Amino acid sequence: HYRHLSTTHNKALDIFSLYDEPKLYDHAFSFRAFKNEAKFVMNAFKKYSAPNSSISKCLELACGPARHSLHLHLLGVNNITCLDINKSMLSYASSIFP
């Protein structure tokens with residue numbers, strides 16, 4: 001249900017960052033309420049879309065470990081594409097949510 005895509009990597013941008021350590025990054029941001037943020041997205045969609053509409057596709061840009069996508073999937077969104085420039089992060093996200 002998840003498709004992880006990567007753009008071309010620019011070696012000129014290679015500097016150490018927390019983003020280069022996906023497990024550490026995921027732990028560092030584990031305080032966020034991803035479930036509530038996904039519910040907010042669903043409620044905003046329901047409020048501002050046509051009556052009886054549903055989300056059939058979702059694109060998560062700069063997805064990191066794709067935690068929003070996970071919770072949107074649990075709320076019924078089945079066609080999700082996740083994009084991130086960092087290949088390590090995409091690999092990590094893919095290992096958690098194949």
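How far is the sulfur of Cys58 from the closest cysteine sulfur, and in which residue does that sulfur lie? In this predicted model, the closest partner is Cys82, and its sulfur is 7.5 Å from that of Cys58, too far for a bond.

**Cysteines**

- A disulfide is a covalent bond between the sulfur atoms of two cysteines.
- With the cut-off for such a pair set at 2.5 Å, the count here is zero disulfides.
- Cys63 is in no disulfide either, as the nearest cysteine sulfur, again in Cys82, is 4.6 Å away.
- Is Cys58 buried or exposed? Its relative accessibility is 18%, so Cys58 counts as buried.
- Cys63 is also buried, and its relative accessible area is 5%.

**Helix α4**

- Helix α4 covers residues 87–96, and its buried residues are Met89, Leu90, Tyr92 and Ala93.
- Viewed down the axis of α4, these buried residues fall within an arc of 160°, so they line one face of the helix.
- An α-helix has 3.6 residues a turn, so residues three or four places apart point the same way.
- Which residues are exposed on the other side of α4? There you will find Lys87 and Ser95.
- At the start of α4, Asn86 places a side-chain oxygen within 2.9 Å of the backbone nitrogen of Ser88.

**Aromatic rings**

- How many aromatic pairs does a search of the whole structure find? The search gives three.
- A pair of aromatic rings is described by the distance of the centres and the angle of the planes.
- Tyr19 and Tyr25 make an edge-to-face pair, because their planes are at 90°, with the ring centres 5.0 Å apart.
- Tyr25 also pairs with Phe29, and this pair is tilted, with 40° between the planes and 4.6 Å centre to centre.
- Tyr25 is buried, at a relative accessible area of 19%, whereas Phe29 is partly exposed, at 28%.
- Which residues form one aromatic cluster? They are Tyr19, Tyr25, Phe29 and Phe31.

Definitions and conventions. Residues are numbered from 1 along each chain as its sequence is written. This is a predicted model: local features need pLDDT of at least 70, side-chain atom pairs count only at pLDDT 80 or more; totals for chains, interfaces and linings use all residues. Side-chain values use heavy atoms; hydrogens and water are left out. Buried means under 20% relative accessible area, exposed over 50%, partly exposed in between (1.4 Å probe, protein chains only). Helices (H or I, at least four residues) and strands (E, at least two) are DSSP runs, numbered from the N terminus. The arc is that of the directions from the helix axis to the C-beta atoms. A polar contact is a pair of N or O atoms within 3.5 Å; within protein, one must be able to donate a hydrogen and the other to accept it, and residues adjacent in sequence count only if both atoms are side-chain atoms. Rings of Phe, Tyr and Trp (its six-membered ring) pair if their centres lie within 6.5 Å; planes under 30 degrees apart count as stacked, over 60 as edge-to-face and the rest as tilted.
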